[in-house]
Amino acid sequence: HSWAKRIIVFDMDSTLIQGEVIDELAKLAGVEDQVKTITAAAMRGEIDFSQSLRQRCALLKGQNAAELFGHVKRGLQFTPGAEVLTRTLKQLGFKMAVISGGFVELARHVRAELDLDYSFANQLSIDEDGKFTGQTTGPLVTPERKR
């Protein structure tokens, strides 16, 4: 029916794109092992998502934001079929969004590349020198908020 609202919301990491943005940033920053340890603890339920995000972001402190985000964007691989699916849904009149517990810079990039309508993600704080502060700003996108 033409009066029906039609929106589809996609997760970003390991859904629309292959891999996890935080893992890619960590690899570039030389803190991959520490991030994987924190992620594993969160997956086992030992720490909650917000705490694990804070700990992982803290490990990025002092890194050049534009450099890391640029490298991740250039290496981004869409999941096979994601581009065809989103293009088809757009032609059918669906509104689409990407939501991520990852970071807004990459969510906006995915939104633009796939011609999505909205993006929601966490914002990493960047200082006046263009370096990560190790913190986030604004409301967190948590698994609860995704629901």
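Guide: The account below concerns the contact between helix 4 and helix 6, and the surroundings of each. The model is a predicted one.

Helix 4 spans residues 65-75 and helix 6 spans residues 104-113; the two pack at an angle of about 35°, and their axes are 10 Å apart. The crossing of helix 4 past helix 6 is right-handed. On the side of helix 4, the residues in contact are Phe-69, Val-72 and Lys-73, and they meet Glu-105, Leu-106 and His-109 of helix 6. Sorted by class, this contact comprises 3 nonpolar, 1 polar and 2 charged residues.

Just beyond the end of helix 6, Asp-115 adopts a positive phi of about 55°.

The model contains 1 aromatic pair. That pair joins Phe-69 to Phe-132 in an edge-to-face arrangement, with 5.4 Å from centre to centre and 90° between the planes. Because Phe-69 belongs to helix 4 and Phe-132 to strand 4 (residues 132-137), the pair ties together parts that are 63 residues apart in sequence. Phe-132 is likewise buried, because its relative accessibility is 1%. Phe-69 thus takes part both in the contact with helix 6 and in the aromatic pair with Phe-132.

Methods:
Residues numbered from 1 in each chain as written. Predicted model: local features only at pLDDT ≥ 70, side-chain atom pairs only at ≥ 80, totals over all residues. Heavy atoms only, no water. Axes fitted to C-alpha atoms, helices over the stretch in contact; angles between N-to-C directions. Helix = DSSP H or I, 4+ residues; strand = E, 2+ residues; numbered from the N terminus. Left-handed = near helix turned anticlockwise from the far one by under 90°. Contact = heavy atoms within 4.5 Å. Nonpolar A, V, L, I, M, F, W, Y, C, P; charged D, E, K, R; others polar. Phe/Tyr/Trp six-rings, centres within 6.5 Å; stacked < 30°, edge-to-face > 60°. Buried < 20%, exposed > 50% of the residue type's maximum accessible area, 1.4 Å probe, protein only.
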